[in-house]
Amino acid sequence: MTMMRELTLIGIRMESPNRAPVMMLRETEGYRYLPISIGSVEATAIAYEEQGLRPSRPLTHDLMRDLIQAFGVHIEAVEIVELRDAVFYAELVLANGARVSARPSDSVALAVRLNTPIRCTEQVLREAGVATPEEEQAELERFRQFLDGVAPEDFSS
């Protein structure tokens with residue numbers, strides 16, 4: 001059985017120099033962070049949901065959530081299961097035991113809409129996780145303050 005670690009979405013960060021969005025996840029019971037580069041559309045979808053913004057028409061992830069609920073499907077968890085050739089792979093774990101392959105960004109965009117746990121294999125965290133020493137905690141706090149002030153429009157091209 002693969003050892004899984006629960007993660008919490010910290011937020012979306014704009015990475016310099018090209019201001020590419022990075023989804024930041026953190027171990028719930030640990031000290032490692034998992035940064036994953038994502039597309040601007042997915043970054044916007046996650047940021048909208050984090051900030052409680054409701055567009056006049058549903059975004060794709062809102063549509064997916066509505067379809068999942070309309071069909072009575074329950075997603076037990078989102079799991080980041082593999083890192084291969086610098087690409088992360090995730091799966092949606094359904095209540096009936098089925099697993100659906102998905103990108104981590106789409107999976108997390110759904111997870112925040114459905115209040116679904118986010119997990120990651122220990123192997124992926126060993127390969128791509130970043131430990132944050134105590135002296136970097138101040139930097140992390142500044143990042144959290146940045147997240148509080150960022151707007152979804154910041155992610156549009």
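Me: What makes residues of helix α1 count as buried, and which are they?
Reply: In this predicted model, the buried residues of helix α1, which spans residues 40-50, are E42, A43, T44, A45, I46, A47 and E49. The word buried means a relative accessible area under 20%, while exposed means over 50% and partly exposed lies in between, using a 1.4 Å probe and protein chains only. A helix here is a DSSP run of H or I with at least four residues, a strand is a run of E with at least two, and both are numbered from the N terminus.

Me: How should I read the numbering and the limits of such a model?
Reply: Residues are numbered from 1 along each chain as its sequence is written, and side-chain values use heavy atoms, with hydrogens and water left out. Because the model is predicted, local features need pLDDT of at least 70 and side-chain atom pairs count only at pLDDT 80 or more, whereas totals for chains, interfaces and linings use all residues.

Me: Which elements do the buried residues of α1 pack against?
Reply: They pack against β1 (4-15), β2 (20-27), α2 (60-70) and α3 (104-114), where contact means heavy atoms within 4.5 Å. Just after α1, G52 takes a positive phi of about 70 degrees.

Me: Why is P152 called buried?
Reply: P152 has a relative accessibility of 3%, and therefore it counts as buried. Its place is in the segment after α5 (137-149). Not counting residues up to four places away in sequence, P152 touches T44, A47, Y48, Q51 and L53. P152 and L53 are 99 residues apart in sequence, yet their C-alpha atoms are 8.9 Å apart in space.

Me: Is F143 buried or exposed, and what does F143 touch?
Reply: The relative accessible area of F143 is 9%, so this residue is buried. F143 is found in helix α5, and, leaving aside its neighbours within four places in sequence, it is in contact with I10, I12, R13 and M24. F143 and G11 are 132 residues apart in sequence and 9.2 Å apart in space, C-alpha to C-alpha.

Me: Why are D85 and A86 called exposed?
Reply: D85 has a relative accessible area of 74%, so D85 is exposed; A86 stands at 72% relative accessibility and therefore counts as exposed. D85 is placed in the loop between β4 (75-84) and β5, and A86 lies in the loop between β4 and β5. Although it is not a glycine, D85 has a positive phi of about 55 degrees, and A86, also not a glycine, has a positive phi of about 65 degrees.

Me: How do you know that β5 and β6 pair?
Reply: Two strands pair if DSSP finds at least two bridges between them, and strand β5 (residues 87-94) is joined to strand β6 (residues 99-102) by four bridges in the antiparallel sense.

Me: How do you know that the chain agrees with a compact globule?
Reply: The globule rule is 2.2 Å times the number of residues to the power 0.38, with the radius of gyration taken over C-alpha atoms. For 157 residues a compact globule would have a radius near 15 Å, and the chain has 15 Å, so the value agrees. Buried residues make up 39% of the 157 residues, and the chain has five helices and eight strands.
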